[in-house]
Amino acid sequence: MRQQTTPGADGTPLLVHTVGEPRGGDTAILLVHGWARSAAYWAEVAAPLGRDHFVVVPDLRMHGESLLLRNDGVDVSIPLLVQDMRVILAALGVTGCVAVGHSMGGQVVTLLAEGAPELVHATVVLDPAYGALPDEIAAADTRKREHVASAVGEFTDRHPDVSPAIVRRYADALATLYDSEYLLAHSIGAIEATGPVLRRRRRPALAVYATDVGVQTELSLTADAAVPPEVVRWTLGGGHDFPAAHPGPVAELIAEWIARAAVAR
């Protein structure tokens, strides 16, 4: 993957990876990673997609290499991540894309499509971080602390020479983003907030879930949607991180659906 630094919505430098070449008026593919992941998550998915598409893979703010580009505090929220995607795509000259998001990235691409339907021709969400039931929301603070501690441990194992100040900034950012996903006024992670957003979809969508519960939740929330999604139950294993466990089949699924849904033009 080629890489470049591109300013985000507020000028924060973000590292953006690209695969393939721009193809005139063709639709690009945007790959948005999840919470506590990075652009590296998509490496083996982006490579085959890049044979026929221009693929854009950002390190989200406060994640991956973007985290290491600054040593001071940086604002972070789901709405700001959505704004970043619009700015990045504009900087790269992308005027139309299929936006693919895993986990938290599923929220980002869904909201990006809602706010910029002229830019996002279709979305693919892979085990998206929305549709959480009331018992999950009630336990969110406890889950947040556990997940942040685990993610920070993984980060320090991968980056043993990173300063304690950066580790603290990373932990704070993850906690803030978790709140932004599920617990704040703008959050769409809780099921009662997810439904209205999904029913407002006006572009084709593919929703792929690792669990039967996820499939049933998406189907129930979109039963009366103006543009109902295609919903798929993933059966090859890998759990929530099936895109990383099975990158080849995931890339094939995305490419096949883009061609079949006629959104690549």
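Arg200 and Glu114 form a salt bridge through their side chains, with an N to O distance of 2.4 Å. This pair connects distant parts of the chain, as Arg200 sits in the loop between helix 8 (191-199) and strand 7 (205-209) while Glu114 belongs to helix 4, 86 residues apart. The model is a predicted one, and the salt bridges in it number 13.

**Arg200 and Glu114: accessibility**
- Arg200 has a relative accessible area of 42% and is partly exposed.
- Glu114 is also partly exposed, its relative accessible area being 34%.

**Glu118 and Arg86**
- A salt bridge joins Glu118 to Arg86, with 3.7 Å between the closest N and O atoms.
- Glu118 is in the loop between helix 4 (104-115) and strand 6 (120-126) and Arg86 is in helix 3 (residues 78-91), so the pair ties together parts 32 residues apart in sequence.
- Glu118 is partly exposed at a relative accessible area of 48%, and Arg86 is partly exposed at 38%.

**Arg2 and Glu21**
- Arg2 pairs with Glu21 in a salt bridge whose closest N and O atoms are 3.5 Å apart.
- Distant parts of the chain are linked here: Arg2 lies in strand 1 (residues 2-7), and Glu21 lies in the loop between strand 2 (13-19) and strand 3 (28-32), 19 residues apart.
- Arg2 counts as partly exposed, with 39% relative accessibility, and Glu21 is partly exposed with a relative accessible area of 47%.

**Network**
- A network of salt bridges links Asp10, Arg61 and Asp84.

Notes:
Residues are numbered from 1 along each chain as its sequence is written. This is a predicted model: local features need pLDDT of at least 70, side-chain atom pairs count only at pLDDT 80 or more; totals for chains, interfaces and linings use all residues. Side-chain values use heavy atoms; hydrogens and water are left out. A salt bridge is a side-chain nitrogen of Lys or Arg within 4 Å of a carboxyl oxygen of Asp or Glu. Helices (H or I, at least four residues) and strands (E, at least two) are DSSP runs, numbered from the N terminus. Buried means under 20% relative accessible area, exposed over 50%, partly exposed in between (1.4 Å probe, protein chains only).
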